[in-house]
Amino acid sequence: MLQDVHRHAAFIVGVVGFSLTLGCAGEPGTAEAIEESADAFSTAPGEPNHEEITSAALSFLKPAVISALKIGNVSTDAEFHFSNAAHFDDCNFSGGAAFIAEKQAEAVAALGPGIAQLDGDALALLAFSRSLHAVQDFYAHTNWVELGGDVLVDQSLTAFPALTPYSAVPSTGFIVVQGKKPRETAVTRDDDAPYPEYAIVTFRQRRTTAYGLVSGTVDYEPGDHCPPPVAMTHDELSKDKTSLTDRVEQHLAAKALAIQQTRHEWCRLNQLAHDAWGDAGTARLAAWVADPSSAPDCTTE
Ligand SMILES: [Zn+2]
């Protein structure tokens, strides 16, 4: 696995280094080379949703930086194929949240003065792209959208928060359904209802009722944390393709939230880099930006 990470990091150094050397990522030869390399990692015959979300959210970055983030993002499906945490599957919310925080901490560490700049940038891009994959999967693989969640799961600028089993997500009040339910509580859903009603999970504790947040189960990923009465398979719940014609509306809603969250993660990364390394940390990230005027205003977004 470590070797794989280095292989990808070396590849991304190649992509970034190539365009930096030429000084213009927009030159046709360079752009074509990057596109061809990116194709090798695409999730054919799927739709390029992770790529589109990343481009739409981070369009203000340099083309070579966006390409590196897309490659790292998409390759997460191969490198972390068996990890439910990296894709928010199997109701592994605490694992998914920890994966995001860990990858972003790795990105910040790589932006420090201890690593040569080009290597550090490549490692930071790879680690950040992994975290973006997971935040994007969150909206496609959970019932956030079906529960009516129309805000981001987290909009703080501190490290991505823990999603602790059976805690309430502050932004919506949804209860994280993960593992065995606490005593004297109930989790239910109507398996016979049509989509999207069957995806609505209810959590009851004494006289209070709240919505329950779950994700779909994936057989080949070890560890299933979805309680049997409310468990749904990945196919029953995922909305990661437009080809799922019964849930186009939910697909679009999930994609819009994923774009917003991805844009927000840029702000979080900047804040974390500043917390760790001061202005030198944010200067490293500023060098990734092509068009500062369309970058988010991180004091308000
Ligand atoms: Zn995934």
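In this predicted model, helix α3 (residues 49-57) packs against helix α8 (residues 248-277) at an angle of about 50°, and their axes are 8 Å apart. The pair therefore counts as oblique. The protein has 9 helices and 4 strands, and 47% of its 301 residues count as buried.

**Helix α3 against helix α8**

- The crossing of these two helices, α3 and α8, is right-handed.
- On the α3 side, the contact is made by Asn-49, Ile-53, Thr-54, Ala-56 and Ala-57.
- On the α8 side, the contact is made by Lys-255, Ala-258, Ile-259, Thr-262 and Arg-263.
- Sorted by class, the residues of the contact of α3 with α8 are 5 nonpolar, 3 polar and 2 charged.

**Helix α6 against helix α8**

- Helix α6 (residues 117-141) also meets α8: their axes come within 9 Å and cross at roughly 150°.
- Angles over 145 degrees count as roughly antiparallel, so α6 is roughly antiparallel to α8.
- The crossing of α6 with α8 is right-handed.
- From α6, the residues in contact are Phe-128, Ser-131, Leu-132, Val-135, Gln-136, Tyr-139 and Ala-140.
- From α8, they are Ala-254, Leu-257, Ala-258, Gln-261, Thr-262, Glu-265 and Leu-269.
- The contact of α6 with α8 comprises 9 nonpolar, 4 polar and 1 charged residues.
- Ala-258 and Thr-262 of α8 take part in the contact with α3, and Ala-258 and Thr-262 also meet α6.

**The sheet**

- The 4 strands form an open sheet in the order β1-β4-β3-β2, and the pairing is mixed.
- At the edges are β1 (175-176) and β2 (185-188), each of which pairs on one side only.
- Strand β3 (residues 201-205) pairs with β2 in the antiparallel sense, over 4 bridges.
- Within this part of the sheet, Ala-186 has Arg-204 of β3 as its bridge partner.

**The chain as a whole**

- Along the sequence, the elements follow the pattern α-α-α-α-α-α-β-β-β-β-α-α-α.
- Of the contacts between residues at least 6 apart in sequence, 68% join residues at least 24 apart.

Technical notes: Residues numbered from 1 in each chain as written. Predicted model: local features only at pLDDT ≥ 70, side-chain atom pairs only at ≥ 80, totals over all residues. Pairing = 2+ DSSP bridges. Axes fitted to C-alpha atoms, helices over the stretch in contact; angles between N-to-C directions. Parallel < 35°, antiparallel > 145°, perpendicular 65-115°, else oblique. Left-handed = near helix turned anticlockwise from the far one by under 90°. Contact = placed C-beta atoms within 7 Å. Nonpolar A, V, L, I, M, F, W, Y, C, P; charged D, E, K, R; others polar. Buried ≥ 20, exposed ≤ 12 C-beta atoms within 10 Å, placed from the backbone.
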